[in-house]
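Please open the structure in a viewer and keep the selection panel at hand.

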Amino acid sequence: MGIIRKCELLKKEMITNGIYKFSIKAPEIAKEVKPGQFLEIKVSDTGEPFLRRPISVYNAEKDIVEFIIQVKGKGTELLSKLDIGKEIDIIGPLGFGTFKIQNYKNVAIVGGGIGIYPLYQLTKELKGKSNLNVYLGFRNKELVTCEKEFEEIGLNKLVITTDDGSYKEKGFVTDFMKKDIEEHMVDMIFACGPLAMLKTVRKFAIEKNIPCQISLEERMGCGIGACLGCAVKVITENGFRYGHVCKEGPVFNAQDVDI
Amino acid sequence: MNTEVNFCGIKMKNPVTVASGTFGYGREYSQYIDLNQLGAVITKGTFLKPKKGNPPPRICEVPGGMLNSIGLQNPGIEYFAKYDLPWLKSFDTKIIVNAGGSTIEEYVELCRILNTLDIDGVELNLSCPNVCEGCMAFGTTYDGTKKITGEVRKVLKDKPLIVKLTPNVTNITTIAKAAEDGGADAVSAINTILGMKIDINTRKPVLANNTGGYSGPGIRTIGVRMVYQMSQVINIPILGLGGICNADDAIEYMLAGATAISIGSANFTDPETSIKTIHGIEQYMKNHNIEDINSIIGKVQMN
Ligand SMILES: Cc1cc2nc3c(=O)[nH]c(=O)nc-3n(C[C@H](O)[C@H](O)[C@H](O)COP(=O)(O)OP(=O)(O)OC[C@H]3O[C@@H](n4cnc5c(N)ncnc54)[C@H](O)[C@@H]3O)c2cc1C
Ligand SMILES: Cc1cc2nc3c(=O)[nH]c(=O)nc-3n(C[C@H](O)[C@H](O)[C@H](O)COP(=O)(O)O)c2cc1C
Ligand code: FES
């Protein structure tokens with residue numbers, strides 16, 4: 001389970017307009033982290049903004065942990081301005097619901113926007129165990145990131161889509177995934193991205209009876225399961241209960257949650 | 001140096017507790033801090049029966065803190081007594097159960113059970129909506145507050161009764177007096193202040209419940225003012241909370257008249273806030289040659 005750590009910012013790189021890749025020195029996190037887990041990052045020493053920001057681990061190797069952040073509001077903006085050498089206050093790795101890895105024969109890994117980042121470590125760990133079919137969707141050419149990094153893992157297939165067709169395939173990433181799966185069945189789908197995309201993936205997986213793991217986002221207070229802020233409907237025998245993304249998730253079996 | 005306080009009969013090793021709803025039943029934060037160091041743990045608001053809670057989004061960050069509309073999700077008293085209480089008892093700290101209900105009968109039934117449990121006190125949350133009275137919070141009128149406090153007092157014979165007040169009232173001293181008149185051993189204040197945040201792009205409130213409770217440093221001055229005002233009117237001790245982030249904030253509340261304090265949302269920013277506050281209070285006592293923390297309670301010198 002995550003503890004509070006001060007991690008030195010070793011490297012910060014703008015990989016495309018408004019998206020930054022951070023490398024921090026965090027040997028314990030690197031050792032512990034499982035695919036899908038996230039960090040709760042303190043963005044300010046002044047108490048304003050008040051809450052930490054949940055950010056997924058992108059990659060972990062040896063002593064180094066990497067994460068990638070798209071600037072959205074004031075918290076991510078502050079992070080993007082951090083100086084190299086500064087210590088970042090981080091709780092992590094967090095989340096008991098991680099991507100579960102078994103010896104699947106064929107898998108589809110589908111990500112949209114910033115949702116592709118938690119899929120990188122997963123894809124690396126699946127390498128050698130499964131045939132990897134990866135589908136990454138972006139709004140436009142400028143927002144396409146990490147294509148080379150995914151490619152270099154050694155994939156059976158990599159499909160890049162943009163909503164406006166400004167780069168590679170035009171259209172929704174889920175349509176390409178569906179089409180392929182109609183032709184070649186997979187035994188697991190992994191997905192992370194915007195809610196609309198996850199809904200589509202979930203519906204498809206349930207219709208086709210394909211096991212599917214999805215990583216969810218919700219607004220968080222504590223990030224560790226104490227405040228009950230990050231609620232998600234978990235389906236039960238007699239209806240539903242509210243589970244919590246930070247603790248039971250962020251990864252859930254698609255069949256288990258109502259999104 | 002003495003940091004021990006006697007809060008309405010609850011002897012705490014220091015005045016620092018953790019606020020209801022921000023600390024669950026302690027399990028999660030026990031991974032981050034040593035619960036043995038705390039004056040008391042105040043549990044998540046617990047009801048007679050389990051409660052589902054509100055749909056998401058339940059949380060929204062705002063300047064000076066956050067809004068929440070958790071909707072009092074909790075597993076019910078039976079579950080607490082069976083699974084969480086025995087675990088909490090393994091720590092050397094006091095256990096105060098925050099109690100909620102939707103009707104007076106529910107509160108009474110719950111407190112009848114709480115009276116038999118191995119706990120150190122009950123904090124009655126009067127900010128819960130009263131389903132019999134158009135979902136107005138119980139603690140918004142003198143009569144309502146006195147009535148429910150009195151009814152609960154009848155069954156909660158053997159435990160200290162702390163009545164937690166809502167700040168969403170015209171005059172909190174009237175309500176504090178009602179709690180005292182109803183037989184409370186102490187009051188705690190403040191609960192969250194009702195707020196609303198609108199997303200101007202969707203033109204909808206950010207919280208699914210539309211409104212939510214404001215907590216965090218932004219409400220501290222209101223809490224301090226209310227604790228001071230109450231201390232001038234009632235003769236029972238006060239647990240002060242609202243926006244406390246460090247020892248300086250805690251001492252402000254004590255000077256205003258609080259015998260003990262709670263750390264709430266600040267746990268989220270830094271899980272170690274409560275422990276740092278305990279150490280900071282000790283440091284303050286050293287710096288100011290204070291032998292006994294009790295000697296500063298209510299010692300604000302008004303202009
Ligand atoms: C488990 C998880 C993993 C994430 N991983 C990444 C990642 O790897 N890279 C990345 O760029 N982003 C990621 N996000 C989204 C990221 O947390 C938000 O973009 C960020 O919190 C926005 O903060 P802000 O201050 O810039 O925006 P503001 O809009 O100013 O934030 C206001 C409040 O809303 C919350 N908030 C806003 N958007 C989101 C969101 N989408 N999800 C949850 N809370 C939100 C903030 O945390 C903050 O409390 C992840 C979210 C979750 C829940
Ligand atoms: C997420 C959350 C949940 C809360 N749940 C409860 C509750 O169940 N019962 C209660 O009496 N107060 C509850 N509160 C109110 C706090 O105990 C406290 O009174 C309030 O947050 C002000 O203190 P703070 O500014 O230090 O957070 C909750 C507050 C938050 C932020
Ligand atoms: S953020 Fe507090 S329970 Fe998930």
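The stops below cover one chain as a whole and then the two ligand sites.

**Stop 1: chain B**

The model is predicted. Along the principal axes, the C-alpha atoms of chain B occupy a box of roughly 50 × 50 × 40 Å. The radius of gyration of chain B, 18 Å, agrees with a compact globule, because a globule of 303 residues would have a value near 19 Å.

Colour chain B by burial next: 59% of its 303 residues are buried. Among contacts in chain B with a separation of 6 or more, 70% join residues 24 or more positions apart. Switching to a surface view shows an accessible area of about 12,100 Å² for chain B, 49% of which belongs to carbon and sulfur atoms.

**Stop 2: ligand 2**

Select ligand 2 together with the 24 residues around it; those that come nearest are B:S20, B:K164, B:G216, B:G243 and B:S265. Which classes of residue make up this shell? The shell around ligand 2 holds 15 polar, seven nonpolar and two charged residues.

At B:G243, a backbone N or O atom is 2.6 Å from an oxygen atom of ligand 2. At B:S20, a backbone N or O atom lies 2.7 Å from an oxygen atom of the ligand. At B:K164, it is a side-chain N or O atom that lies 2.7 Å from an oxygen atom of ligand 2. On its own, ligand 2 has 610 Å² of accessible area, and the protein covers 97% of this.

**Stop 3: ligand 1**

Move to ligand 1, which lies between chains A and B. Of the 20 residues around ligand 1, the nearest are A:P54, A:G73, A:G75, A:T76 and A:E217. By class, this shell has eight nonpolar, seven charged and five polar residues.

Highlight β4 (53-56), β6 (64-70) and α2 (74-80) of chain A, each of which supplies at least two residues of the shell around ligand 1. The largest share, four residues, comes from β4(A).

A polar backbone atom of A:I68 is 2.8 Å from a nitrogen atom of ligand 1. A polar backbone atom of A:G75 lies 2.7 Å from an oxygen atom of the ligand, and a polar side-chain atom of A:R219 lies 2.7 Å from an oxygen atom of ligand 1. Ligand 1 taken alone exposes 820 Å², of which the protein buries 87%.

Note on methods
Residues numbered from 1 in each chain as written. Chains lettered and ligands numbered in written order. Predicted model: local features only at pLDDT ≥ 70, side-chain atom pairs only at ≥ 80, totals over all residues. Heavy atoms only, no water. Near = heavy atom within 4 Å. Polar contact = N/O pair within 3.5 Å; in protein donor to acceptor, adjacent residues only side chain to side chain. Areas by Shrake-Rupley, 256 points an atom, 1.4 Å probe, with all protein chains shown as cover. Nonpolar A, V, L, I, M, F, W, Y, C, P; charged D, E, K, R; others polar. Rg over C-alpha atoms; globule rule 2.2 N^0.38 Å. Buried < 20%, exposed > 50% of the residue type's maximum accessible area, 1.4 Å probe, protein only. Contact = heavy atoms within 4.5 Å.
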